[in-house]
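Please look over the aromatic pairs and the ligand site of this model. A short report follows the display.

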Amino acid sequence: MNKGIRAKSWIGISFAALILVLIAGVAHGQDGGGTLRNPLNYTGADPWLTYYDGNYYLAATTWSSEWTMRRSPTLAGLKEAEPVRIYFETDPSRCCNMWAPEFYLLDGPNGPRWYFYYTAGTPFGNYDRQRSYVLESAGTDPMGPYTFKGQLAPPGQEGTWSIDGSVLQLNGRLYFLYSAFSPMQSVFIAPMSNPWTVSGPGVLITEPEYPWEMSGGTVNEGPVALQHDGQTFLIYSASACITGDYKLGMLTYNGGNPLSRASWIKSPEPVFQRSDENGVYGPGHNGFFRSPDGTEDWIVYHAVDFPEGACDGRRTTRVQRINWNEDGTPDFGVPVSTSEAIPAPSGDTGVDPLPELPERVISRFRAYPSNTAYLRHAAFMARLDSNPVPRADSEFVIRPGLADPEAVSIESLNFPGFFLRQQNNAIYVLPDDGSADYAADATWWIRPGIVDETGISLESYSRPGTFIGRAMGIVALTPVTGSSPVRAQEDATFFLEEAVR
Ligand code: AHR
């Protein structure tokens, strides 16, 4: 090869290498770190995220009887991290509606342990019995295993509604933060004698008083501490979680007795709220974490991308860096758009595995021959309603059958992990408890519509020959054949409507 060609070859190789470096640079942040786009998941309300010993850990509301944890060495990698079950509750007094996880490494009787705080109550659809509880890890691995440690309530208040438990470490003492009614849903602080015991009465430190705390309902909840340069702030969620106006407010600790309302100065304006420009609505119920090298403060929160808002499984987990003002107060900025690639935390060089979350086929089952009545859940029972509100109650994702992948299971869109299941012939939308019975009852064969083959009928896997239909005025399993009364055939025939979203 002569020198001329050789020189050209080297130029060509160098140019190609330059292009490759530039492409790699785009995938990574400008400073050589990674970049990522929100959200981190399809469902992830009330998220809690922390970085510990080389990994990020993420848990979020499951609304069921189990807690799961995701682990990844990179923040963006949480998108693909498998949720690992770390706890499952069978006690009916606290079995269900698990909300708002928070986990802290605190000193236990046998050394440092993870204390996993959460809200739970009695079976589905009734939230009157929601209370605050805590689990304790066996060692220092956030993945567990965990055992039940106890209920968190001021002495004598064990029977009182309480949610969104959180821990404040201040002046060498532990305090329990939580939300309860007084009479509006407000935020309280109480002393703790150890990570699993509230040792004194709760004191109200913020209640809804500004209009921005009253959109859709008078609510202060989801309290969480933020400490920086010797200052302590308490960030809380305000307004009803079902609206796009759910947002964050802030109290600043003034150095007095933390158990006195006078020691917490409320900011008259919200500190983080919806951005119509960025298509982010209802940002709230947050947590905080640090970058792997400890130099940056980040916020993890949930939000939706539709203005009417939602307080269900359509809320997704988002993260972004927070900055600090000259006066030492936090600057949360504006919730970033899901189309914006943001630099990953300092010290995190992960490449975003899912810049776009995978598309989903959303299915609806329209009753025959109606043009408006759809199969939906309400208080977790299946029903037929015309123009159901929220529409998401009538939206499902068809998955391979839990009992037989050749069949199907039908997962709720707004309560992921909850499937259409028969129980004593009635039809519900309830969480997968991992049992074989549940799998069988939540598996269906899609057959040609009994009264109209352009439609479909859903035959029970666990009760062959019976189909989702109507009996005694409710949606139930009914034995139907082509020679059954026409009305029974019609009640067991649906039109499947599908859309990609
Ligand atoms: O998301 C479930 C519950 O709804 C959360 O614990 C609470 O903050 C909100 O009201």
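This is a predicted model: local features need pLDDT of at least 70, side-chain atom pairs count only at pLDDT 80 or more; totals for chains, interfaces and linings use all residues.

Residues are numbered from 1 along each chain as its sequence is written, and side-chain values use heavy atoms, with hydrogens and water left out.

**Ligand site**

The residues around the ligand are Asp46, Trp99, Ala100, Ile163, Asp164, Glu221, Cys241, Tyr246, His285, Cys311 and Arg315. Strands β6 and β10 (163-170) each supply at least two shell residues. Strands here are DSSP runs (E, at least two residues), numbered from the N terminus.

| Residue | Distance to a ligand oxygen atom |
|---|---|
| Asp164 | 2.6 Å |
| Glu221 | 2.8 Å |
| His285 | 2.9 Å |

Taken alone, the ligand exposes 280 Å², and the protein buries 95% of that. Accessible areas come from the Shrake-Rupley method with a 1.4 Å probe.

**Aromatic rings**

Which rings count as a pair? Rings of Phe, Tyr and Trp (its six-membered ring) pair if their centres lie within 6.5 Å; planes under 30 degrees apart are stacked, over 60 edge-to-face, and the rest tilted. By this rule the count comes to 35 aromatic pairs. Take Trp99 and Tyr127: their ring centres are 5.3 Å apart and their planes stand at 50°, so the pair is tilted. Trp99 lies in strand β6 (residues 96-108), and Tyr127 in the loop between β7 (111-121) and β8 (131-137), so the pair ties together parts 28 residues apart in sequence. Trp99 is buried at 12% relative accessibility, whereas Tyr127 is partly exposed at 24%. Buried means under 20% relative accessible area, exposed over 50%, and partly exposed in between (1.4 Å probe, protein chains only).

Phe176 and Tyr178 form a stacked pair, 5.6 Å centre to centre with 20° between the planes. Phe176 is buried at 1% relative accessible area. Tyr178 is buried too, at 6%.

One aromatic cluster is formed by Tyr52, Trp67, Phe103, Trp114, Phe116, Tyr118, Tyr133, Tyr146 and Phe148.

Charges also sit over rings. The charged end of Lys149 is over the ring of Trp196, 4.4 Å from its centre. Arg364 lies over the face of Tyr374, 3.7 Å from the ring centre. The rule asks for NZ of Lys or CZ of Arg within 6 Å of the ring centre and within 35 degrees of the ring normal.

Asp46, one of the residues around the ligand, lies in the loop between β1 (35-36) and β2 (48-52). Asp46 is buried, with a relative accessible area of 7%. Its side chain joins that of Thr61 in a polar contact of 2.5 Å. Such a contact is a pair of N or O atoms within 3.5 Å; within protein, one must be able to donate a hydrogen and the other to accept it, and residues adjacent in sequence count only if both atoms are side-chain atoms.

Asn55 is in strand β3 (residues 55-59). Asn55 is buried at 17% relative accessible area.

Key. Helices (H or I, at least four residues) and strands (E, at least two) are DSSP runs, numbered from the N terminus. A residue is near a molecule or strand if one of its heavy atoms lies within 4 Å of it.
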